[in-house]
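Me: I'm new to this one. Could you show me how to read a few of its features?

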Amino acid sequence: MSDLAVQAGLAVSTTHRLLTTLEHSGFAHFEPTTSKWHVGHEAFAVGASYVQKRSYVAPALTYLRRLRDETRETANLGHLDDGHLVTLSQVESREIMRAISPPGGRCPRPARRWGKRFWRLGPMPRSPNFATGTGSPQ
């Protein structure tokens with residue numbers, strides 16, 4: 001918990017209080033045998049509803065499978081959010097080496113290998129530096 005407190009910039013006591021509050025609401029779960037915190041069922045439900053709102057996830061699976069088969073790589077579907085890619089869905093490669101990026105993962109766009117090939121629905125951003133991650137969408 002102290003690592004989480006440092007990352008969040010909070011005191012350990014504040015982090016513990018927040019986590020126990022989240023646990024009471026089902027958003028976090030403490031495993032006493034390992035002394036580790038995990039995502040709770042309510043947080044999972046919120047995340048699942050986020051994906052359900054995105055009506056393009058289910059139809060995209062056919063294309064993700066085809067892309068995976070043609071490239072022999074893991075195919076990811078992501079949503080651009082404030083300069084970050086959020087993984088919505090993925091079809092894992094059949095190869096031994098696989099990309100590890102669970103749905104819900106969020107990282108800066110240029111940091112993602114799969115960000116090299118990125119399809120966007122709608123018009124492309126006007127900023128000339130957006131492809132390098134230094135610009136911002138219009």
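This is a predicted model: local features need pLDDT of at least 70, side-chain atom pairs count only at pLDDT 80 or more; totals for chains, interfaces and linings use all residues.

Me: Let's start with helix 2. How many residues does helix 2 have, and what span does it reach?

Reply: Helix 2 covers residues 12–24, which makes 13 residues. From first C-alpha to last it reaches 18 Å, close to the 18 Å expected at 1.5 Å a residue.

Me: Which residues of helix 2 are buried?

Reply: First the general idea: an α-helix has 3.6 residues a turn, so residues three or four places apart point the same way. Here, the buried ones are Thr15, Leu19 and Thr20. Looking down the axis of helix 2, you'd find its buried residues within an arc of 130°, so they line one face of the helix. They pack against helix 1 (2–8), strand 1 (28–31) and strand 2 (36–39).

Me: What does the face of helix 2 turned away from the buried side carry?

Reply: That face has the exposed residues Ser13 and His24.

Me: Which residues make the nonpolar surface patch?

Reply: Leu22, Phe27 and Val46 make it, with an area of about 240 Å². Phe27 sits in the loop between helix 2 and strand 1 and is partly exposed, at 34% relative accessible area.

Me: Is serine 35 buried or exposed?

Reply: Serine 35 is exposed, at 52% relative accessibility. Arginine 72 counts as exposed too, at 53%.

Definitions and conventions
Residues are numbered from 1 along each chain as its sequence is written. Side-chain values use heavy atoms; hydrogens and water are left out. Helices (H or I, at least four residues) and strands (E, at least two) are DSSP runs, numbered from the N terminus. The expected span of a helix is 1.5 Å times one less than its number of residues. Buried means under 20% relative accessible area, exposed over 50%, partly exposed in between (1.4 Å probe, protein chains only). The arc is that of the directions from the helix axis to the C-beta atoms. Contact means heavy atoms within 4.5 Å. Patches are made of residues with over 30% relative accessible area and no salt bridge: like charges are joined within 9 Å, nonpolar side chains (Val, Leu, Ile, Met, Phe, Trp, Tyr) within 5 Å. Accessible areas come from the Shrake-Rupley method with a 1.4 Å probe; for residues, only the protein chains shown count as cover. A salt bridge is a side-chain nitrogen of Lys or Arg within 4 Å of a carboxyl oxygen of Asp or Glu.
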